[in-house]
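Colleague: I would like to take a close look at a single part of this model, and then to hear how other parts of it are arranged. Could you walk me through it in one connected answer?

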Amino acid sequence: MTILPRLLFGDNQFFGVNHMSEERARAQAMRFSTTRSMIEVLEAAYDEGIKAFMCTTHERIGEICHHVRDHPRQYPDFQFYPCMPYGVKYANAVTDDGIIGALKRFLPQEGAFGALVKGGLAVATRDVQGIGELLIDAEMKMFQGLNTPVIFLQNLVTDLLLGLGMHEALRIFAEHVRRRYHAEPGYITMNLPRLLDALETLGLENPIVCASINKAGFRMCGGIAAYEKAIATRRFQPIAMSVMASGAIAPREALEYVCAQPNIGSIVFGASSRANIRDTRQLVEDLGRPRVQREEAVPA
Amino acid sequence: MTIRVAVVGLGKMGLSHLAIINTHPDVRLVAVCDSASYVTDVLSRYTGLKAYTDYRRLLEEVHPDAVLVATPPGTHAAIAQAALERNIHVYCEKPLCTDPAESRRLARLAQAKGLVNQVGYHYRFVAAFQEAKRLLDAGVLGPIHHFRAEAYGPVVVRPSSATWRTSRAAGGGCLYDYACHAIDMVHYLVGRPEGVAGTVLNRMFSQEAEDGVYATLLYGGGKTGQLAANWSDDSFRKMALKVTVWGANGRIYADRQEVQLYLRKSVPEARGLVPGWNVRYTTALTPPVWFYLRGEEYSAQIDHFIQCVKRGKPDTLCTFRAGAEVDEVAAMLVNNAQGAPLSAPLPSREPVPLSSTL
C-alpha cells in the first residue's frame, strides 16, 4: 500500500483557481506567469519537507516535469500526484467536435490501436476500456520517468461517472493505473458519501479519496454530518482538500477542524510563499497526527 | 412523488444535466436521446438506460413527465413544441430559440397548457447574483442610472473548424453563447431595455458568427447600460459573468464569487449594511446541493425545475417568457448591428410582461 504523506502541495494557486475572489485568482495567475516562479515555490515546499506535488495535467505542469527530470539530484524524493484529466480542454473539444471528434483529437493515432481509432473502429465497436486506457496514457505522457505513486481522477470526471451511474469506468481507471503505472488509483470528489458507496460496490478496498473537508461545509455534498460520519466509520484513505474553503476560514481554525477529525492522514494545500508553506507545516505539526479509529484505514 | 424524466441531447450540457438529474432523489430517469448512437449505446450498455436516436419516438413510447432539452439551439423549437403538445413539462437549454417569434410561441403554448417551463440561464441560480438581486430589489442603491454587464471567456481563441457553435444561423456565436447570459442577468437584476444602440458584432476568428458583442442598452428615464461579451479572451480560465450597477446611493458589483456593495450612506431598507464597502462571498452565500458536478448553480436550477413540476407551478425562476425576452433583445442587437441606427422592439411584437416570479 502506498504511504500517503501528511501534507501534499496543490497547484490551484498556479493557475488562478480561487473559489472566493476573481481578483485574488488573477493576482495569483500573474504571480505565477513563469514556470520558474512555480518551481521556486515548489522548491520552498521541498525544503520544508513537502515533497508530494498534487497537480493537474495542465500543459504548464509538463514544463515542471521537464525541470524535475533534468535535475534528478536536486529533487531526489520529489513525487508527482497527477490529477487527470485537465477538464477544460476536453469540455471545449466535445462542444466543438462532438464526443467522437474530441476522442479523435486526443487519442494517439500511431500504433495498432491508434489505427483502429483513426479508422473509427474503436469508436464504432464502443471499446470504452481501450479508449479510456489510451486517454489515461495520453495524460500520463508528461510524467514519463518521474515518480507518480498515486494517480487521481479529477472530480469533474469522477462525479460525472458517478452521476451517470457508469461506475464500471471507475474500475477501468483503477485497474489500468495499477497495471500500467504501478501506482495507486485515487479519486477526487465533491460527493464523498455517494462515491464511497459506489467504490464499495465495485469492490475497490480502502480507496484513496480526496474530498473537500472543511469547517464551513463548503462543497461537501451530502452535508457535513454525513462527511464526518463517513470519515469516522468507513474504510478509506481520505485526503482533505479545500480545508480553508478558498480563504473563507482562517488557517489555524481551518486546520484545527481537519486535524480534530479522526483518520484524516493527509491534507492537500496550496500556498504562494515560503512563509505560508512553513506556517502551514508548523501548524499541522503542532496539531499532531489524527486519532485513528479504524487502524487498517490509516497510512502508517 | 417521483418525476419521470428524459434527457434529449447528450453533448457537454446534456451529459452534465443527465449526471445531475440521475442522482436527484425525486426523479427516475426513464430515457435518453441523441442523434449520435455511439453515446447512447455506451450509456445504455453501462447503465441500462433506455436510449433513442429519435426524440419523437421517445416522447411517444416513454411519455415522460418532464424532458430536459440540451440539443443545439436550432433544434429547440421543434423538440420543445413536440413535448409541450404531449403535455410534458420542458426544461430547455439557452438560448431558447434563435427566432424570438418561436420563443414567444413556445411560451404561449406552455402557459396555455399550464406546463412547467424553464430555460437554462443558470447564473440566476448563482448565490452571489441572487444576493445582488435581493439588495437591488430592496432599493439599497436608490434610483439606478447605469450598469455594465460583461461576459468574457476562452471559447474560440484561434480559427477553428466550422461547427454549430461558430454558426449564428445554427444558434452559435458569442451573442447566443455568451451575451445571452449577460442579457438575461440584466433582465433579472434591472429589467429589460426598451431599445439598443451602437451595437458592434465583432469577428476575430469565427467565419460565420461574431466573437464579440458590444452595445448600449436604453431605458426610459435616462437609465442606460453597457453590454460587453467576448468569447475569445483566454486571460479568463472559464466563462466569467460580471455585472456592475450604479445608483444614486452607490454601486454594486457581482460575479460568481462575490458581491461588493459600496454605499454612500446607510439605508433603512437593508439592515446590517454599513456606509462604504460591504463584501459577501459565495462561499458563505451558497446553499448546499444534494449532488455537485460543476457548480452548485447547475444542480440548483435542475432541482428548482423538478420542485416546480412536483408542485405543478409553471412559473419557474427562468420561464420560457424570460427566455423569449432574451431572444428578443438578441434580435434587436443583430438588427441594430446591421444598420438600424437605434433598434427598438418590432411594432408587431405583442407585450410580454415580466414573469411574476422575476
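Colleague: In which loop of chain B does B:K50 lie?

Modeller: Keeping in mind that this is a predicted model, B:K50 is found in the loop of chain B that runs between α2 (37–47) and β3 (51–52). B:K50 counts as partly exposed, because 17 other C-beta atoms lie within 10 Å, whereas a buried residue would need 20 or more and an exposed one 12 or fewer. Apart from neighbours within four places in sequence, the contacts of B:K50 are with B:V30, B:A31, B:S44 and B:V62. A further residue to look at is B:V32, which is 18 residues away from B:K50 along the chain, with a separation of 6.4 Å between the two C-alpha atoms.

Turning to chain A, helix α10 (residues 192–202) has A:L192, A:R194, A:L195, A:L196, A:A198 and A:L199 as buried residues. The elements of chain A against which the buried residues of α10(A) pack are the helices α8 (155–164), α9 (167–181) and α11 (224–233), together with the strands β5 (184–189) and β6 (208–212). Just after α10(A) comes A:G203, whose phi is positive, at about 80°.

One of those packing partners, α9(A), also meets α7 (residues 128–140) of chain A, the two axes coming within 10 Å and crossing at roughly 55°. The helices α7(A) and α9(A) are therefore oblique to each other, and the crossing in which α7(A) passes α9(A) is right-handed. On the α7(A) side the residues that meet α9(A) are A:V128, A:Q129, A:G132, A:E133, A:I136 and A:M140, and their counterparts in α9(A) are A:A169, A:I172, A:F173, A:H176, A:V177 and A:Y181. By class, the residues of this contact between α7(A) and α9(A) comprise 8 nonpolar, 3 polar and 1 charged.

Finally, there is the contact between the chains, in which 38 residues of chain A touch 37 residues of chain B. On the side of chain A that touches chain B, α4 (87–106) and α8 each supply at least two residues, and the largest share, 10 residues, comes from α4(A). That side of chain A divides into 19 nonpolar, 12 polar and 7 charged residues.

Methods. Residues are numbered from 1 along each chain as its sequence is written. Chains are lettered from A and ligands numbered from 1 in the order in which they are written. This is a predicted model: local features need pLDDT of at least 70, side-chain atom pairs count only at pLDDT 80 or more; totals for chains, interfaces and linings use all residues. Helices (H or I, at least four residues) and strands (E, at least two) are DSSP runs, numbered from the N terminus. Two residues are in contact if their C-beta atoms, placed from the backbone, lie within 7 Å. Axes are lines fitted to C-alpha atoms, for helices over the stretch in contact, and angles run from 0 to 180 degrees between N-to-C directions. Angles under 35 degrees count as roughly parallel, over 145 as roughly antiparallel, 65 to 115 as roughly perpendicular and the rest as oblique. A crossing is left-handed if the near helix is turned anticlockwise from the far one by less than a right angle, and right-handed if clockwise. Ala, Val, Leu, Ile, Met, Phe, Trp, Tyr, Cys and Pro count as nonpolar, Asp, Glu, Lys and Arg as charged, and the others, Gly among them, as polar.
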